[in-house]
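Take a moment with the sequence and the model below. The paragraphs that follow walk through the fold, from its parts to a single site.

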Amino acid sequence: MSKRLTAVLIFSFISTLLVSAQPQVYITPYCTGINGRISDVATNGDGRLYVTTQMGSIYIINQGGVLNSVPFLNIQPKVTPTSVNNTGEQGLLGLAFSPDYANDQTFYIYYTNKSGIGNSILARYKVTSNPDIADSLSEEILLDIQQPYTNHNGGCLKFGNDGFLYLGLGDGGSNGDPGNLAQNMNEYFGKILRIDVSSQPTGYTIPATNPYYSVVGAKQEIWASGFRNPWKFSFDKLTHDLWIGDVGESTWEEIDFQPASSTGGENYGWRCYEGNATFNTSAGCNGSYTSPVYDYSHSVTGGCSVTGGYVYRGIQNPSMQGIYFFADYCNGSVYALDPNNQNSVVTAGTFSGNFFSTFGEDDSGELYLGDNNNGTLYKIVWSPTGVNDINPSANVSYFVKENVINISIHNTDANFIHVELLDLNGRQLLKQFSSLHKGNNQLQFPVKLANSTYIIRIISERFILTKKITVCD
Ligand SMILES: [Ca+2]
């Protein structure tokens, strides 16, 4: 064998290894028709997903993707903005359930209210005796922070493995942090706070181990500083490391990291730095700063706003264990960062036309993506055919021919179906309702389709079917 041929073979073998190891994600609509702009997804161990909309509702998505029509909570009258289509950064932005939710029935939300230009509110709520409905009168406000500008409100809420509640706040807004608030330890802005909400029935206490607990002239709640807008952060559910997506100004987006062993006090650099680049060093900026573990440029990627995600700890794709997935709101890309390979990042999928505002992580560690513009929560799947019958026992068959969806249902107890047809980006191309009678139903739904792959969802009160279909006449 010639040296050249050997080299080619070795190279192609290595290439194959690299290609097969590269993370690749696909998305499939998991729940559509959420009324409002999705801002957060939380869980409490009951197997369901709780989705917030900026306008002020929390919706329950049951296993299988079935949406409860009545919201878990609706605080729209308290919240800025009031319009479904408001494209600003305000509203209901964060939700976290108590780690002891099964016993204390308590959860926490973050929103901007109607005071001033929209104060930042951290509030505690209780559920009613009906697990599907929160007690809207149970609100206890824990923090009420006047905002200087309407943008950069942060709002991510997560409980750490230490049992404390972490809250991310942006730099107060405008452009370039004009008040240099993120570097001012006497301000809540541009910080992640850590508080103890479980030590007493009302209010909160501040852990004595917080880094600024004994520092005169500093907010004792501060855990970490120097953020522009830490829109989404998460704890790795295995290692408890903290991963933070800090939204940049107009040039760089960044991922910040804090090991589980951290005792807090990290300063992540804004406004002195945007990513690894100097931004504004006109005041201070002689401290010790923690650089991002990854940054990416707007001009190279077409990105503009990082959406921090999760380290994958699910079971459906064991080879992705330990990979941190995040996204960009503007370019529709999902990225995979490998902490075990020098934090190298690859694009794991690009879904142009989607605006991913948040990830979700279900109780078994599988990941979801919420679209801020089309009311769809997607599930991340690991193959293009990873869309399965949710209830394969339902006696339903269907085919698409000559621009007609033909559905045959042998029906025993359902009264109606909705038929939805979506493209692979989750855009709804068809939504039709039909009543059902007992026995055999033959239904036809005309729709003009180009040759492509689509997702069909057939939903009744008894079953859901989701399938990919390929049309090639
Ligand atoms: Ca930074």
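How many residues of domain 1 are in contact with domain 2, and how many residues of domain 2 do they touch? This is a predicted model, and in it 13 residues of domain 1 are in contact with eight residues of domain 2. On the domain 1 side, the touching residues sort into four nonpolar, eight polar and one charged. Domain 1 covers residues 24-381. Domain 2 runs over 396-471. Their C-alpha centres are 36 Å apart.

Now step back to the whole chain. Its secondary structure consists of three helices and 34 strands. Along the principal axes, the C-alpha trace spans about 75 × 75 × 35 Å. Of the 473 residues, 44% are buried. Consider next the contacts with a separation of 6 or more. Residues 24 or more positions apart account for 55% of them.

What lies inside? The largest nonpolar core has 98 residues. Among the residues with the most contacts inside this core are Tyr 50, Val 51, Leu 165 and Leu 167. Phe 325, Tyr 368 and Leu 377 belong to that group too.

Neighbours within four places in sequence are left aside here. Leu 377 then contacts Tyr 30, Cys 31, Ile 34, Ile 38 and Val 41, among others. Its contacts also include Val 51, Ile 61 and Gly 360. Tyr 368 and Gly 370 are in contact with Leu 377 as well.

Finally, turn to one glycine. Where is Gly 176 placed? Gly 176 sits in the loop between β12 (165-169) and β13 (191-195). Is Gly 176 buried, exposed or partly exposed? Gly 176 has 15 C-beta neighbours inside 10 Å, so it counts as partly exposed. Which residues does Gly 176 contact, leaving aside its neighbours within four places in sequence? They are Glu 249, Arg 271 and Asn 280. Ser 250 is 74 residues from Gly 176 along the chain, and the C-alpha atoms of the two are separated by 9.5 Å.

Technical notes
Residues numbered from 1 in each chain as written. Predicted model: local features only at pLDDT ≥ 70, side-chain atom pairs only at ≥ 80, totals over all residues. Helix = DSSP H or I, 4+ residues; strand = E, 2+ residues; numbered from the N terminus. Buried ≥ 20, exposed ≤ 12 C-beta atoms within 10 Å, placed from the backbone. Contact = placed C-beta atoms within 7 Å. Core = buried A, V, L, I, M, F, W, Y, C linked by C-beta atoms within 7 Å. Domains from an automatic or database assignment. Nonpolar A, V, L, I, M, F, W, Y, C, P; charged D, E, K, R; others polar.
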